[in-house]
Amino acid sequence: MDEKHHGTEIQPREQQLPTRRLLSGRSAGAPLLARSYQELRERAARDPGSFWGPLARDALLWDTPHHTDSDCDFAQGRIRWFLGGRLNVSVNCLDQHVHQSPDRVALIWEKDEPGTEVNITYRELLDMTCRLANTLKKSGIQKGDRVAIYMPVSPLAVAAMLACARIGAVHTVVFAGFSAESLAGRINDSECKAIITCNQGLRGGRTIELKKTVDEAVKNCPSVKHVFVAQRTDKKVHMGNRDIPIEEVMAKEDPVCTPEIMDSEDMLFMLYTSGSTGKPKGIVHTQAGYLLYAALTHKHVFDYKQGDVFGCVADIGWITGHSYVVYGPLCNGATSVLFESTPVYPDPGRYWEMVQRLKINQFYGAPTAIRLLLKYGDEWVKKYDRSSLKTLGSVGEPINHEAWHWLYSVVGDGRCPLVDTWWQTETGGICIAPRPSEDGAKIIPAMAMRPFFGITPVLMDESGKVIQGDDVSGALCIAQPWPGLARTIYGDHKRFIEAYFKTYPGYYFTGDGAYRSTDGYYQITGRMDDVINISGHRLGTAEIEDAMDEHPAVPETAVIGYPHDVKGEGAFAFVVLKDDTAQPQHIEEELKSIVASKIAKYAVPDHILIVKRLPKTRSGKIMTRLLKKIVTGHSGDLGDITTLDDPSVITEIVDTYQTYKNK
């Protein structure tokens, strides 16, 4: 490592930056992007390398500039960008801003209790990150080691992510609502060497026993050597041999940590997402391409300006929290809100009281929360001054018209652009959204509309051919690689290729269906595989089935998604019991308990219907589409059922369902 570039103390808590010039007040991609939307779209589609290469050189701070823009081949699942380039993500997110504006607020921690927010400056966040990075290093965590983070939304959780990035470790954040079994599965798959957690979490006035869950999980995690425990509350928890009180140890560490210089394609983080099979997938994102894409989309989709307060209310356990709470905003030198609470605590005005108090300029939330809040009426919104708002955003699932109009008209007073964003854990950042666009271009309600620069959507038919023209629907694919795209599934590149590049060779298959309007705009129509979207959380139906099938009285289950007024989709389970099952009425609660403990509470089916048998083809495949039609009221239009082994099963299930519905 070149000591003259890094590790020399300028003054306490600051590091020298790479010798490449700092662009005064620069923003992600300013020079190149000062052109028309249409021109940029066409240029990015025509020659992705020459589009993204200069943007990367300008928007990021490099230790060594890259020599090759890209090396990508969808057939082999090979995605590589900015080859030869070397940098450190934490330097891009922290040091460069400390160098320019050390006292600018980086994070506003909106704690569970309203009015108790804490501001963290860039200087303070760098100090916290370096102390934590040195703590990890002293415990033997090295470049390439995996570290699990199981924490509530907090500055220390952000510092944990950035500390891993600083020393070249790979973080995998696990949503702090997952069960011990789900946590252990992710830790074992990624072979984490350490876990960073808290004694407890606070959310919506409730206490969550995080350390207890971690203790349960690590009993089955041989790779874990250390558990770092932070104190979110005053409660003392049991500390075992591998447990380390993180604040105590950090206080003794140096506030300067020499950053590890990383290759642009080294792993930055892994994040687990549900697949259509039972085992979650460890999606891998690397350094430079991901950071560039998160920063550019943050700036241009939301029209972020320096000095704005950016309020994304997502949990850091999800990709939205990674890209639009942490990496995108911090790379751009923004002030980012960390929301620890819930939309209805202590009352349904929580978001809007927060907007007034913190003077939030961009608000980015989920349709689930919006649908929940609109049921409480307009008065909870109008109580508060929302004049600071400039842009509204929706994420996690397609937003319905009622929620869109309420958010736009009531919350935004009809004056803020509302960007309905479509993207995925795998895409790294927003791919389709109404902005950026030409000045004054229309926004169509409840439609994602326009591809971001470098995103080339195509719709495919069932035979794998590209559908031409407009006013058409099909499987949504993307024709060209972009820097934010995931690189692999950890430890299983074959599964990566099969999941995303095999269905439509030469294209990235998103798993979603879409409609292209007569104007050429895109509307997402939902998942095409066995993945349901509950409150914005993707969940494989196979995961729920696998959990319920472990009940000794249950030989077989089938789970489908169905429309839900608040959650968007809910889970509906059809369960077959063994003939000799005693007290079947207790089975339902037992199954719900199993799903909650094995996955998470949000995965518990809303409805469990006990049936004698399931509709199967002669080859034994369960025809879940028929179950979906029954639940959604289309049992009179079941289509072709000639492949069923015994068609009389349909009448049987319809009768059972009607009896259940009438109760």
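How exposed is Asp646, in terms of its relative accessible area? In this predicted model, Asp646 has a relative accessible area of 31% and is partly exposed.

## Salt bridges in the structure

Side chains of opposite charge can pair when their charged atoms come close. Across the whole structure, a search finds 36 salt bridges.

## A link between two loops

Asp646 takes part in a salt bridge with Arg613, with a distance of 2.9 Å from N to O. Arg613 is located in the loop between β32 (607–611) and α18 (624–631), whereas Asp646 belongs to the loop between α18 and α19 (648–662); the pair therefore ties together parts that are 33 residues apart in sequence.

Asp127 and Arg131 form a salt bridge in which the closest N and O atoms are 2.7 Å apart. Both residues lie in helix α4 (residues 122–138), where they are separated by 4 residues, about one turn of the helix. Asp127 has a relative accessible area of 8%; because this value is under 20%, Asp127 counts as buried.

## A further pair and a network

A salt bridge also joins Asp637 to Lys629, and here the closest N and O atoms are 3.9 Å apart. Asp637 is partly exposed, with a relative accessible area of 47%. Lys629 is also partly exposed, with a value of 26%.

Elsewhere, salt bridges with shared partners connect Glu110, Glu117, Arg350, Glu353 and Arg357 in one network.

Notes:
Residues are numbered from 1 along each chain as its sequence is written. This is a predicted model: local features need pLDDT of at least 70, side-chain atom pairs count only at pLDDT 80 or more; totals for chains, interfaces and linings use all residues. Side-chain values use heavy atoms; hydrogens and water are left out. A salt bridge is a side-chain nitrogen of Lys or Arg within 4 Å of a carboxyl oxygen of Asp or Glu. Buried means under 20% relative accessible area, exposed over 50%, partly exposed in between (1.4 Å probe, protein chains only).
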